[in-house]
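Please look through the model below together with its sequence.

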Amino acid sequence: MSKTKGRVTLPSEGNFLEETKEMMDRWGADALRDSDGTKLPEEIKALDASIYTTYFVARGHNEFAEKHMDECQQMYLMSSRVTAADTVVEISFMEGYFDQQVVPDYVHDCKRWWEVMDRTVGQPVDPGQWQVDKERNVVTVSNAAAFHEYTVSFLVFAIWDPTQMYNHITNDWGGKPHEIPFDVRQPASGQYAKDYLVQWLKDNPRTDVVRFTTFFYHFTLVFNHKAKEKFVDWFGYGATVSVKALEEFEEEYGYRLRPEDIVDNGYYNSTFRVPSRHYLDYMDFIQRFVAGKAKELVDLVHEAGREAMMFLGDNWIGTEPYGKYFPEIGLDAVVGSVGGGATLRLISDIPGARYTEGRFLPYFFPDTFYEGNDPCLEARENWLCARRALMRKPVDRIGYGGYLSLAYKFPKFVDYIEEVTDEFREIYEKIGGSKPYCGLKVAILNCWGRLRSWQAFMVAHALWYKQTYSYFGVLEALSGAGVDVTFLSFDEIIESGIPEEVDVIVNAGAAGTAFSGGDRWLEERLVTAVRKFVWNGGGFVGIGEPSAVHGGGRFFQLADVLGVDKELGFSLSTDKYFTKPMENHFLKEDQRSDFDFGESVNNVYALSEDTEIAEFSDGEVHLSAHGYGRGRGVYIAGLPYSHDNTRLLLRGLYYSGGREEEMKRWYGDNPLCEVHAYPEKGHYAVVNNSMEPQTTMVYDGAGKAHEVKLEGSQILWEKM
């Protein structure tokens with residue numbers, strides 16, 4: 001039985017009453033929830049627990065949706081590219097898409113709302129030169145330019161919710177109906193959403209917390225003809241598009257969006273893209289609409305005496321928990337899935353809600369809980385990774401999802417989660433509501449700024465992971481580090497300057513992406529503002545391809561700050577003499593083995609003998625520092641997340657800010673261990689982030705050291 005109780009939510013299901021009571025005792029749970037595909041029976045709801053009920057606003061109402069198929073949600077999709085070999089070219093625009101998820105919109109005028117693009121010249125084709133065959137789903141382009149590439153940007157109706165589709169396929173739900181998503185911007189759907197909720201609240205008197213999953217628009221998730229994921233963007237606004245939305249946007253903003261503003265050459269404005277002004281306008285337009293409509297529903301929940309909770313996932317698009325409209329919704333709570341430290345902080349740092357909850361892994365689904373597999377491995381890794389971030393800013397509650405009956409069959413897993421829930425409650429009791437010691441104020445600079453706080457990407461495609469190694473590694477490392485983290489956009493710097501309290505700026509990512517900045521670095525006011533900041537004593541840490549865009553004879557536009565640049569082949573005739581690394585350097589004092597720069601960046605070279613080269617191999621610089629006025633620039637070629645790289649980044653932050661003498665305050669010299677101090681509470685914690693026993697020298701707030709031995713994953717609490 002659990003030593004303590006509370007702050008834990010469990011899933012349950014039918015025919016599982018006694019086992020549910022046992023698991024509540026074992027894990028100290030005080031709340032129960034249903035999951036996608038399960039319902040809580042009355043005997044479960046009668047237990048001494050707060051009852052969460054999953055509520056789908058815009059899906060799961062087929063009795064309404066089937067009568068209003070013209071109000072289904074819509075999307076713009078782009079066809080495959082077809083090369084014209086003659087003056088006539090046919091494009092089968094639905095080829096490669098899953099016809100159980102999307103169907104072409106032939107209700108609205110194709111000539112007005114669709115667009116055929118000549119991709120070779122980047123121009124739309126006159127509507128008079130193409131025709132649509134609605135029987136075959138084919139667009140025929142006449143007077144085509146031979147050997148030019150053509151695409152069709154076309155509107156579709158979404159007729160199957162993608163999350164329900166995924167669960168349907170994963171869990172083999174067979175004949176269960178496909179849930180049709182409808183658009184609350186449409187008149188009948190908007191009214192239905194409110195009317196149904198009013199009745200639902202009356203019909204579900206035992207529900208204490210209405211868990212909106214989420215509100216109206218799903219993140220962009222499109223499947224191919226084999227029912228496999230084709231395009232996924234957890235931040236994508238693609239499913240918010242409709243003819244009505246486009247008309248209302250034009251009326252409000254005074255200009256008309258083109259299909260290309262949404263399709264974006266087939267990139268669909270993914271979060272990696274430097275956003276266009278038109279797309280930013282559209283995002284703001286959607287956010288205001290979603291906040292207003294969501295508030296209407298939340299108000300209804302409050303009038304019924306219940307709490308309103310939002311799941312940060314599925315249909316979350318437009319809510320933007322770090323956006324300026326989010327507080328207006330009036331939610332009581334936000335719950336989200338925790339994949340590690342960064343996603344934990346994404347949830348725990350959210351302003352504008354009374355409490356936050358993290359849903360930890362693994363999900364109790366058959367793809368993990370099957371004979372021969374050990375779910376403890378994923379659970380332990382998930383907990384230790386997220387726990388670093390909990391020590392900085394804990395969520396108020398934790399929980400799990402899926403089928404409790406599956407987890408129940410794995411006794412070792414049940415034992416381990418009992419330890420986790422007790423440890424979480426101990427952490428929360430000791431530090432909840434207090435601010436930990438922070439040695440530096442660090443600003444992460446990119447196109448998105450505060451809007452995308454703690455957010456890089458939320459899908460696990462290997463290629464995406466490699467291309468965001470640097471940015472994701474930074475977020476994960478900082479999520480549990482002893483520094484105060486904020487997020488800045490380029491627009492904020494240009495409009496308002498760099499906040500005075502910022503000590504160090506970090507710019508990380510691949511060239512041309514929204515994280516690194518792309519063409520934004522060609523803007524004079526941005527570059528000079530950052531240079532001035534460093535010259536006057538600030539720090540700048542560039543990781544991967546920081547400030548990278550070719551212009552003015554530079555690739556790194558802040559090469560003068562960093563002391564390095566990347567060779568593009570244009571200056572091969574210029575000799576590079578500066579190749580000798582320093583034998584000792586502050587940046588590498590804690591390095592226990594070879595550096596891991598991940599995918600790294602090739603062909604980076606030092607500009608002068610003033611560049612302090614800390615690591616040089618394969619004819620290129622991977623780690624360096626450079627003085628710039630009273631400040632410094634630090635360059636790191638890549639930063640996949642690891643304990644060693646977390647320590648490397650911390651050293652880079654302190655060194656760039658000229659504060660290296662202050663680093664050993666509330667500090668452990670073993671990179672596998674971290675020290676977190678809570679002045680308001682009068683104690684500190686020494687944390688072993690590994691599963692093996694560790695020894696570390698612990699430095700207190702005055703820099704005095706003593707040795708501490710820790711068991712695997714142990715937390716040692718001490719008074720200051």
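Tyr 268 is buried, its relative accessible area being 13%. This residue sits in the loop between α8 (259–263) and α9 (277–303), and its phi is near 55°, a positive value in a residue other than glycine. The coordinates are those of a predicted model. A phi near 55° is also found at Asp 618, again a positive value in a residue other than glycine. Asp 618 belongs to the loop between β28 (612–617) and β29 (620–628). With a relative accessible area of 74%, Asp 618 is exposed, whereas Tyr 268 is buried.

Most residues other than glycine have a negative phi, and most peptide bonds are trans. One joins Thr 213 and Thr 214, with omega at about -20°; Thr 214 is in the loop between β13 (209–212) and β14 (220–223). Another joins Leu 361 to Pro 362, and here omega is about 5°. Pro 362 is placed in the loop between β18 (355–359) and α11.

Helix α11 (residues 375–390) leads on to the helix packing: its axis and that of α13 come within 10 Å and cross at roughly 5°. An angle under 35 degrees counts as roughly parallel, so α11 is roughly parallel to α13. On the α11 side the contact involves Pro 375, Cys 376, Ala 379, Arg 380, Trp 383, Arg 387 and Leu 390. They meet Lys 412, Phe 413, Tyr 416, Ile 417, Val 420, Glu 423, Phe 424, Ile 427 and Ile 431 of α13. By class, the residues of this contact are twelve nonpolar, no polar and four charged.

Helix α13 (residues 411–431) also meets helix α1 (residues 17–27), the two axes coming within 8 Å and crossing at roughly 50°. This pair is therefore oblique. From α1 the contact takes in Met 23, Arg 26 and Trp 27; from α13 it takes in Phe 413, Val 414, Asp 415, Ile 417, Glu 418, Thr 421 and Arg 425. The residues of the contact of α1 with α13 divide into five nonpolar, one polar and four charged.

Arg 425 has a further partner in Thr 4, which touches Gly 28, Asp 422 and Arg 425 when residues up to four places away in sequence are not counted. Thr 4 is located in the segment before β1 (8–11) and is partly exposed, at 34% relative accessibility. In sequence, Thr 4 and Glu 426 are 422 residues apart, yet their C-alpha atoms are 8.5 Å apart in space.

How many disulfides does the model have? The count comes to zero, the cut-off being 2.5 Å between cysteine sulfur atoms. For Cys 438 the nearest cysteine sulfur is that of Cys 385, 19 Å away, and Cys 438 is in no disulfide. Cys 673 is in no disulfide either; the nearest cysteine sulfur to it, that of Cys 385, is 16 Å away. Cys 438 is partly exposed, with a relative accessible area of 25%, while Cys 673 is buried at 1% relative accessibility.

Confidence remains to be considered. The protein chain has a mean pLDDT of 95, and 98% of its residues reach 70 or more. Over residues 460–468, however, pLDDT stays under 50, and the model has 13 contacts beyond four places in sequence for this stretch. Where pLDDT is low, the predicted coordinates should not be read in detail.

Technical notes. Residues are numbered from 1 along each chain as its sequence is written. This is a predicted model: local features need pLDDT of at least 70, side-chain atom pairs count only at pLDDT 80 or more; totals for chains, interfaces and linings use all residues. Side-chain values use heavy atoms; hydrogens and water are left out. Buried means under 20% relative accessible area, exposed over 50%, partly exposed in between (1.4 Å probe, protein chains only). Axes are lines fitted to C-alpha atoms, for helices over the stretch in contact, and angles run from 0 to 180 degrees between N-to-C directions. Helices (H or I, at least four residues) and strands (E, at least two) are DSSP runs, numbered from the N terminus. Angles under 35 degrees count as roughly parallel, over 145 as roughly antiparallel, 65 to 115 as roughly perpendicular and the rest as oblique. Contact means heavy atoms within 4.5 Å. Ala, Val, Leu, Ile, Met, Phe, Trp, Tyr, Cys and Pro count as nonpolar, Asp, Glu, Lys and Arg as charged, and the others, Gly among them, as polar. pLDDT is the predictor's confidence in each residue, from 0 to 100.
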